[in-house]
Amino acid sequence: MLPGTVAMVLAAALAHAVWNLASKYKRGDALVFVCAYTYASALLCVPISLVFMADGQQVLGWQLAAGAAVSAVLHTAYSLTLQAGYERAELGVVYPVARGTGPVLAMLFAILLLDEQLTAAAMFGASLVVAGILVVTGNPFRSASRRPLQGLLWGAATGATIAAYTVWDGYAVIALHLAPVSYYAATLLLQSLILTPSLLRRRHRIQAAIRADAVPILIVAVFSPLAYILVLTAMLKAPVALVAPLRESSIVIGSLVACGLFGEGHLARRVVGAVIVLAGIAAISL
C-alpha cells in the first residue's frame with residue numbers, strides 16, 4: 001500500500017474516533033440524534049456530489065440507486081445498533097469490540113460469499129482479535145453486573161453491521177465503479193428517507209434533542225462522512241482486505257480517550273487489549 005493511501009486511511013481512523021467520542025457525549029434521544037446527524041451529513045454531502053455529477057465523474061443510473069439503497073439499509077442498522085450499545089454499555093468496551101470484530105466478520109463473509117481462502121496469517125490474526133476482545137472486556141461474569149457482557153454483545157452486533165456494509169461498499173465502488181462522494185451522498189439521502197417515519201413518531205422530542213446535542217450532532221455530521229469517504233477513496237487505490245483492517249487503528253484512540261474523558265476504569269488492561277486487537281488486525285492485513 002502506498003504511503004499516501006496509508007495516510008488517507010489513518011486520517012479516516014482519527015476522524016472516526018472523533019465522531020464516536022462525540023456520540024458518547026449525546027444526552028438526548030438516540031434515534032433523534034442519529035436522524036439529526038444523518039440529515040445534516042446529507043445536506044453537506046449532496047450538493048458536493050451534484051458538482052461531481054455535473055463534472056461527469058458520476059452518472060445517475062440504476063447502479064448508483066441500487067448500490068446506495070442496500071448501503072443505506074446497512075448503515076442505518078449500524079447507526080442504530082451502535083447508539084443502542086453506547087446507551088447500555090461503556091464506550092471503552094463497545095467501541096473496541098465493534099471495530100475488532102468487524103474485520104474478522106468481513107473476512108468470514110468474503111470466504112462464504114466470495115469463495116476466498118484463509119491464510120495462516122489471517123487465522124492467527126483472527127485469534128489475536130478474539131483474545132484482545134476478551135482482554136478489553138474482562139470476565140463478563142466477574143460480578144452481578146451484566147454491563148461487560150452487554151458491551152460484548154452490542155459490540156459484536158455492531159461489528160456484524162460493519163462487516164456487511166464494508167463488503168458491500170467495497171463491491172459498489174470497485175465493481176460498480178461508483179464515485180465515493182456521490183455514492184455516499186446518495187446513501188445518506190436514502191438513509192434520511194428510511195429514518196423519517198421513525199423520527200415523525202418522536203417529533204415532540206426533536207427540539208429538546210437538538211438543543212441538548214447540537215455540538216455532537218455537528219461533529220458527527222462532519223467527521224462521519226469525512227472518515228468514510230476517505231475509506232471509500234482508499235478502496236480504489238488498495239485492496240479492501242488491507243483498507244478495512246488498517247482503519248481499525250481507531251481502536252487504540254477510542255480505548256485511551258474513553259478512560260480519560262468518561263472515567264471508564266481498567267486503563268492498563270484496555271490498552272493492552274486494544275494493542276492485541278490491533279496486532280491481530282495487522283496480521284489479518286498481511
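**Exercise 1. Work out how many cavities of 30 Å³ or more a search of the whole structure finds, and what lines the largest one.**

Solution. Start with the count: searching the whole structure turns up two cavities of 30 Å³ or more. A cavity here is a set of points, on a 1 Å grid over the protein atoms alone, where a 1.4 Å probe fits but cannot get out; lining residues have an atom within 4 Å of a point. Volume means the space filled by probe spheres set on the points, with grid points joined across faces, edges and corners.

Before going on, keep in mind that this is a predicted model: local features need pLDDT of at least 70, side-chain atom pairs count only at pLDDT 80 or more, and totals for chains, interfaces and linings use all residues. Residues are numbered from 1 along each chain as its sequence is written, and side-chain values use heavy atoms, with hydrogens and water left out.

Next, the largest cavity: it holds about 160 Å³ of space. Its lining has 17 residues, and Trp 19, His 75, Tyr 78, Tyr 184 and Ser 224 sit nearest the centre. Two or more lining residues come from each of α1 (3-24), α2 (30-54), α3 (62-88), α7 (180-201) and α8 (206-235). Helices are DSSP runs of H or I with at least four residues, strands are runs of E with at least two, and both are numbered from the N terminus. The largest share, four residues, is from α8.

Finally, sort the lining of the largest cavity by class: nine nonpolar, seven polar and one charged. Nonpolar covers Ala, Val, Leu, Ile, Met, Phe, Trp, Tyr, Cys and Pro; charged covers Asp, Glu, Lys and Arg; the others, Gly among them, are polar.

**Exercise 2. Describe the second largest cavity, then follow Pro 103 from its lining.**

Solution. First, the space: about 40 Å³. The lining residues are Gly 102, Pro 103, Ala 106, Ile 162, Ala 163, Thr 166, Ala 244, Arg 247 and Glu 248. By class, that makes five nonpolar, two polar and two charged.

Now zoom in on Pro 103, which is part of helix α4. Pro 103 counts as buried because its relative accessibility is 6%, where buried means under 20% relative accessible area, exposed over 50% and partly exposed in between (1.4 Å probe, protein chains only). Its C-alpha is 8.8 Å from that of Ala 126, 23 residues away along the chain.

**Exercise 3. Check the span of α2 and find where α2 kinks.**

Solution. Take the length first: α2 has 25 residues and spans 36 Å from first C-alpha to last, close to the 36 Å expected at 1.5 Å a residue. The expected span is 1.5 Å times one less than the number of residues. Then look for the kink: about 25° at Cys 45, shortly before Pro 47. That bend is the angle between axes fitted to the seven residues ending there and the seven starting there. Last, go to the start of α2, where a side-chain oxygen of Asp 29 comes within 3.0 Å of the backbone nitrogen of Leu 31.

**Exercise 4. Place the helices in the whole chain.**

Solution. Count the secondary structure: eleven helices and zero strands. Then check burial: of the chain's 286 residues, 49% count as buried.

Note on methods:
On a 1 Å grid over the protein atoms alone, a cavity is a set of points where a 1.4 Å probe fits but cannot get out, and a pocket is an open set with protein on both sides within 12 Å along at least five of seven lines; lining residues have an atom within 4 Å of a point. A polar contact is a pair of N or O atoms within 3.5 Å; within protein, one must be able to donate a hydrogen and the other to accept it, and residues adjacent in sequence count only if both atoms are side-chain atoms.
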